[in-house]
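Welcome! Please have the view open as you read.

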Amino acid sequence: DFAQAYNNLGNAFNNYGETEKAIKNYQKAISYKSGYEKAYFNLALVYKDLGDKKNFIKNIEKALKLNPNWGHAHYHLSRVKKYSKNDPQIDQMKLALKSEKISSIDLIGLNFALSKVYEDLEDYQRQFQFLNEANRLRKKELNYSIEKDQKLFSRIKKTFDFLPVELNLSESLKNSIKPIFIVGMPRSGTSLMHQILDSHKDVRGLGELNNLNKFVVPLLKSFNKEVSDRFSEDELMSLRKEYLGALPISGIDEKIIVDKMPINFRYIGFILSSFPDAKVIHMTRDSMATCWSIYKYEFRGNAYSFNLDDIAAYYKLYSNLMDFWRRLFPGKIYDVCYEDLTSNQEEETKKILEYCELNWDLDCLNFHKNKTAVKTTSSMQVRKKMYQGSSEAWKKYEAYLGPLLKGLNYH
């Protein structure tokens with residue numbers, strides 16, 4: 001009857017994509033402790049990942065009834081809900097903002113949520129008042145400086161300023177799991193691409209995996225240019241084995257998997273050196289549409305995303321690094337333009353499947369019917385049919401996005 005243990009077990013299952021088992025354990029936690037707000041919250045997020053709007057709202061509102069000041073819960077609800085002028089939750093959030101006991105994560109969440117309220121009410125001045133405050137608080141909390149990422153990107157380039165080694169795979173290794181890596185900036189269409197490929201009968205989409213980052217960072221830190229000018233075949237083979245041998249990849253039946261962690265664009269050199277059989281799909285989208293969307297949502301894992309100047313500077317680092325990889329690995333990276341994909345769905349999907357050496361599968365056009373959990377900001381959007389025009393949405397906020405327009409040299 002230990003409710004917390006069932007909640008934690010639910011979290012463990014959820015982390016590895018076992019959503020049905022996660023749901024059962026959260027429900028069991030609630031059955032032992034009816035006022036368990038965390039279990040209601042976690043249960044709601046699983047339903048959100050599955051695109052089940054009704055059960056998401058039902059459980060997140062139960063969590064908020066137990067804790068009305070829970071700003072992080074308000075934030076998640078705001079991403080799904082459309083607010084009207086007299087919605088009682090608006091006053092509830094404003095009251096919570098005045099609480100002296102509120103944590104920083106909840107304070108930030110409330111400001112993001114209230115910015116969504118005023119976006120729905122088309123009061124853009126107040127929308128940006130709360131949005132700018134949310135981002136200011138989070139940047140202050142992180143004490144982020146763009147110099148940190150400038151150093152990281154510089155180190156990555158110096159590590160690969162040679163003709164890279166490519167592993168010669170034995171026949172047995174060639175027949176092992178083949179990864180498809182979807183990379184790019186957040187909000188560039190990586191979740192959409194994931195659902196398209198996961199809809200294919202021969203492919204298993206695994207969402208955003210941290211596996212590559214976990215195994216590459218120690219390699220980067222230990223690399224010494226004075227000792228060797230490149231990574232050894234043993235190091236690259238070890239990276240391959242560690243990546244494929246880690247959960248949730250190990251133990252699955254499909255031979256072709258999809259890893260859609262966007263920031264893996266930083267590690268394309270490692271990918272194409274350790275996985276010469278891998279496919280790399282790079283999602284591109286209008287730079288203003290991408291960067292505005294990053295600022296609008298709370299990406300807690302991306303420290304650069306809470307300031308318009310930082311976002312523009314990071315976008316330039318990303319763009320420059322992608323040019324570097326294309327020169328180093330000509331013809332190995334497949335660029336997909338989000339706008340082209342949304343306007344020519346079937347034609348572009350056929351090209352993508354051809355690049356991935358996959359047979360045509362009509363289900364890839366019906367990706368919106370895919371029941372796979374999506375643990376990203378786009379979890380509800382990818383349940384809808386392909387739609388056009390989202391890359392133009394930023395234009396109505398142009399008056400508030402001066403630093404972004406200037407930083408990106410956008411014309």
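What radius of gyration does the protein chain have, and how does a compact globule with 411 residues compare? The protein chain has 22 Å, which agrees with the value near 22 Å for such a globule; the radius is taken over C-alpha atoms, and the globule rule is 2.2 Å times the number of residues to the power 0.38. Please keep in mind that this is a predicted model, where local features need pLDDT of at least 70, side-chain atom pairs count only at pLDDT 80 or more, and totals for chains, interfaces and linings use all residues. Residues are numbered from 1 along each chain as its sequence is written, and side-chain values use heavy atoms, leaving out hydrogens and water.

**Overall build**
- The protein chain has 19 helices and five strands, which are DSSP runs numbered from the N terminus (helices: H or I, at least four residues; strands: E, at least two).
- Its C-alpha atoms fill a box of roughly 65 × 55 × 45 Å along the principal axes.
- Of the 411 residues, 54% are buried (buried is under 20% relative accessible area, exposed over 50%, partly exposed in between, with a 1.4 Å probe and protein chains only).
- Among contacts with a separation of 6 or more, 74% link residues 24 or more positions apart; contact means heavy atoms within 4.5 Å.

**Strand E4 and its neighbours**
- Strand E4 (residues 279-284) is mostly covered, with five of its six residues buried.
- E4 runs parallel to strand E1 (residues 178-183), joined by four bridges; strands pair if DSSP finds at least two bridges between them.
- Phe 181 has Val 280 in E4 as its bridge partner.
- Strand E5 (residues 333-337) also pairs with E4 in the parallel sense, over five bridges, and Cys 337 in E5 is the bridge partner of Thr 284.

**Aromatic rings**
- The whole structure holds 27 aromatic pairs (rings of Phe, Tyr and Trp, the last by its six-membered ring, with centres within 6.5 Å; planes under 30 degrees apart are stacked, over 60 edge-to-face, the rest tilted).
- One of them is the edge-to-face pair of Trp 394 and Tyr 410, at 5.3 Å centre to centre and 85 degrees between the planes.
- Trp 394 lies in the loop between helix H18 (345-355) and helix H19 (402-407), and Tyr 410 in the segment after H19, so this pair ties together parts 16 residues apart in sequence.
- Trp 394 is buried at 3% relative accessible area, while Tyr 410 is partly exposed at 23%.
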